[in-house]
Amino acid sequence: MKLLKRTAAAILTLALAACAGFEMTPVNELKVKTKQGVVAGAEADGIRTFKGIPYAAPPVGPLRWKPPQAAMKWDGVRDATKFGPPCPTFDTSKYAQAKRRSDLGYDIFSGVPLAPGATEDCLTLDIWAPKDAKNAPVMVWLNALGASSNPIIDGTAFARDGVILVNFNYRQLSMGNFSHPALRAAAKPDEPLGRFQTMDQLAALKWVKDNIRAFGGDPGNVTLFGLSAGGASTLQILTIPESKKLVDKAIVQSGNGWFSPITQSEMETIGAWMAKEAGWPANATAEQLRSLPLDTLPHLGAYSIDGRLQKENATEAFAAGRVIDVPMIIGWTDFDGSSLRYPPQTVIDRTSAGVKAAYAAEGKTGDDLVYAIYTDSHNGAPARWTAKMTASGQPTYLYLWTYVRAPDRGKVRGAAHGSDLSYAFDSWAKSYPQLQLTEEDKAATRLIHSCWISFAKTGKPQCDGAPEWPRYTAQGDQLMELGLNPKVLTGYRKAQLDAQENAMHEVIDHTRRSVEDLVAGVAEP
């Protein structure tokens, strides 16, 4: 949690530059021709960077809450040495003042302003590539929340090790997940609804497919990866048929795998309430909605399903094997429960006696018990279940991240949610330049970073300092512990994870009821 807060601060500090169009005469003349036009990037220490490249048209005016349209072509040479601005999110420095409603299936924040520098004209991507890249593997990162300019997700180390890293901004919160009866009425009969962030993600992947060869990348070797909400988005994309030609491998870091999405009808009810909160009547027109000042709308984070873009609940799709079959790494941290965003007692109240019984032998009480249950139910058991559901196809590799820096050992419950991010990206020099890494820190960085690099190149993770990583099978039930002493574990927390998996319907049912209660509470009488 501390790492994610520091990440958010970094986003606000370093992602405020406006997208200033393009210069006719860039300083270094490092040019690449894309299908939209020529871009000029920068080069340093054998790494080429190209930033702020539009992958879709700005979703502004009549294009707000519409599927992304093709990026406009340009003449001349576009300056690609500066990050594009972030898409609208809330100002995390004002987080404490937000009025918040949160549950398993949604987050609503109101009374908190937009992040400084955010703008709807934000659909741009960034590329880090080795100087002489030729048919290099490509990794595409899905942000959880915030801007592609976040220094923690700097792609330099990936490019240094022979992989092209692509990061991009996409519509998030209420700009990325919003429905309203007026928008449905104005849409074409087969036009996707509501899930604009997923549409943007697919548009960026299509841009990569069409253009990455010009930067030295292999469009047939693309690994999609993300953490937290970005990991959940990765799983969701694997259930969408059109992604079959766009994604060749996947890595899911602490992404919840059990979903109970908000229906299209429910999202429209919530959207009508949100519009009313912003000052418009529930019967506002599409044109009125698209003219709303963004800072008047509550911020909504939710997983919805429109029946058009995504035909079914992702959990049901994985259970039935109706997903894109690609090699996958999936895992969690041993203190993923640090992401808990509602009162701890709620976890206890929602946990059945049968599940609690599986924890009795551990002797944990109070918050220690809460966080153990939440870690297992929210991330651990869903990750193992997803590995089990995909084990019969392309190989899936299950992991647990346990590394904690020496000063924090004995003071925290384990590796917090998101704590693996700087290690996987090996981005310390950019994200925490004053931090003095120990040899253990450096070894942990090499460990997970090498896993990701080798997987992107070959489809099999080979990790510096770790034994051979076996693919997951339900019978073997093995995972790789990525930590101070890397090793293969068999039957890790089997009693607890089995209990959570056997009761997965309880988690799904709680989510469904919380959504129904929300909808009932905001519906017009």
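Which residue in E2 does lysine 31 stand opposite? In this predicted model, the residue opposite lysine 31 is alanine 40 in E2.

**Strand pairings around E2**

- Strand E1 (residues 30-33) is paired with strand E2 (residues 38-44) in the antiparallel sense, over 4 bridges.
- A hairpin is formed by E1 and E2, with 4 residues between them; in its turn, glycine 37 has a positive phi of about 160 degrees.
- Strand E3 (residues 47-54) is also an antiparallel partner of E2, over 3 bridges, and alanine 44 has isoleucine 47 in E3 as its bridge partner.
- E2 and E3 likewise form a hairpin, here with 2 residues between the strands; aspartate 45 in the turn has a positive phi of about 55 degrees.
- Strand E4 (residues 77-79) runs parallel to E2 and is joined to it by 3 bridges; within this pairing, valine 38 has valine 77 in E4 as its bridge partner.
- In general, the strands of a sheet pair through backbone hydrogen bonds, either parallel or antiparallel.

**The sheet E5-E6-E13**

- An open sheet is built from 3 strands in the order E5-E6-E13, with antiparallel pairing.
- Strand E5 (99-103) and strand E13 (299-302) are at the edges; each has a single partner strand, so one side of each has no neighbour in the sheet.
- From one strand to the next, the twist averages 5 degrees.
- E5 pairs with strand E6 (residues 106-110) over 5 bridges in the antiparallel sense, and lysine 99 stands opposite serine 110 in E6.
- Helix H7 (residues 264-277) packs on this sheet and touches E5, E6 and E13; the direction of H7 makes about 165 degrees with that of E13.
- Helix H17 (residues 504-522) lies across E5 and E6, at about 35 degrees to E6.

**Nonpolar cores**

- The largest nonpolar core comprises 114 residues, and Tyr55 and Ile127 have the most contacts inside it.
- Helix H12 (residues 366-390) gives the most to this core, contributing 10 residues.
- Beyond its neighbours within four places in sequence, tyrosine 55 is in contact with residues including Ala71, Leu123, Leu125, Phe168, Tyr170, Ala203, Ala204 and Trp207. Its contacts also include Thr124, Asn169 and Asp200.
- Another core, of 39 residues, lies apart from the largest one; among its members are Trp128, Phe225, Ile329 and Cys451.

**Glycine 226**

- Glycine 226 is located in strand E10 (residues 217-227).
- Alanine 187 is 39 residues from glycine 226 in sequence, and their C-alpha atoms are 30 Å apart in space.

**Serine 174**

- Serine 174 belongs to helix H3 (residues 173-176).
- The side chain of serine 174 reaches the backbone nitrogen of leucine 300 at 2.8 Å.
- Setting aside its neighbours within four places in sequence, serine 174 is in contact with Trp65, Met274, Leu297, Pro298, His299 and Leu300.

Conventions. Residues numbered from 1 in each chain as written. Predicted model: local features only at pLDDT ≥ 70, side-chain atom pairs only at ≥ 80, totals over all residues. Heavy atoms only, no water. Pairing = 2+ DSSP bridges. Axes fitted to C-alpha atoms, helices over the stretch in contact; angles between N-to-C directions. Contact = heavy atoms within 4.5 Å. Core = buried A, V, L, I, M, F, W, Y, C linked by side-chain atoms within 4.5 Å. Buried < 20%, exposed > 50% of the residue type's maximum accessible area, 1.4 Å probe, protein only. Polar contact = N/O pair within 3.5 Å; in protein donor to acceptor, adjacent residues only side chain to side chain.
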